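Q: I am new to this structure and would like to go through it step by step. Could we begin with the surroundings of a single residue and then turn to the sheet and the open spaces?

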Amino acid sequence: MSLSERDVAGIRVFVGQRDELAAAVCDVILAVIRGKPDATLMFPTGATPEPVYADLVSQHRRRPTAGPDPSWRGARCFNLDEYWRLPPWSAASYAHFMRVHLYDWVNVSPENVFGPDALAPTEADACAAYERQIADCGGIDHAFLGIGVDGHIAFNEAGLPRSGTHVIDLAPSTIEANRIHFPGPDEIMPTKAITAGIDTILGSRCITLLATGTRKAQAVRGALLAPIGEGCPASFLREVPERCVFYLDADAASLLV
Ligand code: GLP
């Protein structure tokens with residue numbers, strides 16, 4: 001593996017090829033589960049993490065007879081966010097995405113899969129339930145994050161005050177970027193989402209952010225070099241540099257000068 005390592009603003013940053021990054025992040029997640037079989041893990045959706053999920057699934061299926069190493073049976077898995085009022089059986093839901101890309105392929109127990117309940121009676125009910133589930137699991141051991149083009153993490157959009165889990169109006173740039181997941185004429189894309197908040201994420205014991213492509217270069221620069229603040233939500237990660245590691249390809253890292 002030929003990832004190069006550097007320190008940017010106190011955060012460890014690894015730069016390499018996409019397949020190497022996926023393998024490295026896969027190893028990080030498996031090491032967390034090996035070290036703590038009932039670890040609590042947070043997972044993002046999006047195109048960026050798909051190679052990581054493919055690696056996690058292939059690692060899991062490599063040992064069908066000897067038993068998986070590690071076993072996911074005790075791991076608690078939280079989806080970071082969900083479109084508000086989109087049912088979990090919708091093909092565009094994040095609940096569906098995570099089942100298809102990861103949960104259906106490893107031996108995670110269904111009762112250990114959690115996510116924001118986009119169909120809860122009220123926003124307040126949904127947010128309180130999600131935070132309570134995290135607390136009941138003893139907090140998050142590892143949060144795996146992607147990053148949006150405007151520097152958002154999960155669905156914490158730029159310009160909004162930081163908080164715990166909350167329901168937000170999606171930014172026009174996010175609606176534009178994610179519209180591709182609602183291709184049919186009858187599939188109306190929600191304009192709101194429920195998301196683990198910045199404070200929820202910063203409470204994690206360990207945080208891994210993966211970004212690839214030139215499209216993410218400005219957001220990555222904002223996260224690591226812009227003033228810390230809601231202008232670039234990912235910049236809040238610099239409040240916990242010792243718990244945070246970035247994995248970038250050369251394109252995403254291209255503006256870190
Ligand atoms: C959505 C998700 C984020 C994700 C982002 C980037 O907005 N809520 O968690 O990081 O998309 O997705 P992609 O990796 O497809 O660029």
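Q: Which residues does leucine 41 touch, leaving out those up to four places away in sequence?
A: In this predicted model, leucine 41 touches Val32, Ile33, Trp72, Ala75, Arg76, Cys77, Phe78 and His142.

Q: Where does leucine 41 lie?
A: Leucine 41 is part of strand E3, which covers residues 40-43.

Q: Is leucine 41 buried or exposed?
A: Leucine 41 counts as buried because its relative accessibility is 1%, and the cut-off for buried is under 20%.

Q: What separates leucine 41 from arginine 179?
A: The two residues are 138 residues apart along the chain, and their C-alpha atoms are separated by 27 Å.

Q: On to the sheet. In what order do the three strands of the open sheet come?
A: The order is E5-E9-E8, with antiparallel pairing. Strand E5 (81-83) and strand E8 (166-169) are the edge strands, each pairing on one side only. From one strand to the next, the twist averages 25 degrees.

Q: How many bridges join E8 to strand E9?
A: Four bridges join E8 to strand E9 (residues 192-195). In one of these strands, E9, isoleucine 194 is the bridge partner of valine 167.

Q: What about helix H7: which of its residues are buried?
A: The buried residues of helix H7 (residues 217-225) are Ala217, Ala219, Val220, Gly222, Ala223 and Leu224. Their cover includes strand E1 (4-8), strand E2 (11-15), strand E10 (207-211) and strand E11 (244-248).

Q: Changing topic, what is the volume of the largest pocket?
A: The volume of the largest pocket is about 620 Å³. Its lining has 35 residues, and Thr45, Gly46, Ala47, Asn178 and His181 lie nearest its centre.

Q: Which element gives the largest share of that pocket's lining?
A: H3 does, with five residues. By class, the lining of the largest pocket divides into 17 nonpolar, 14 polar and four charged residues.

Q: And how much space lies in the second largest pocket?
A: About 200 Å³ lies there. The second largest pocket is lined by 15 residues, and Glu82, Pro88, Ala95, Gly115 and Pro116 are the closest to its centre. E5, H3 and strand E6 (113-114) each supply at least two residues of this lining.

Q: Lastly, which residues line the largest cavity?
A: Its lining consists of Asn156, Glu157, Leu160, Pro161, Arg162, Ser163, His166, Ile198, Pro233 and Phe236. The largest cavity holds about 50 Å³ of space, and its lining has five nonpolar, three polar and two charged residues.

Note on methods. Residues numbered from 1 in each chain as written. Predicted model: local features only at pLDDT ≥ 70, side-chain atom pairs only at ≥ 80, totals over all residues. Heavy atoms only, no water. Buried < 20%, exposed > 50% of the residue type's maximum accessible area, 1.4 Å probe, protein only. Contact = heavy atoms within 4.5 Å. Pairing = 2+ DSSP bridges. Axes fitted to C-alpha atoms, helices over the stretch in contact; angles between N-to-C directions. 1 Å grid on protein atoms, 1.4 Å probe; cavity = no way out; pocket = protein on both sides within 12 Å on 5 of 7 lines; lining within 4 Å. Points joined across faces, edges and corners; volume = space filled by probe spheres on them. Nonpolar A, V, L, I, M, F, W, Y, C, P; charged D, E, K, R; others polar.
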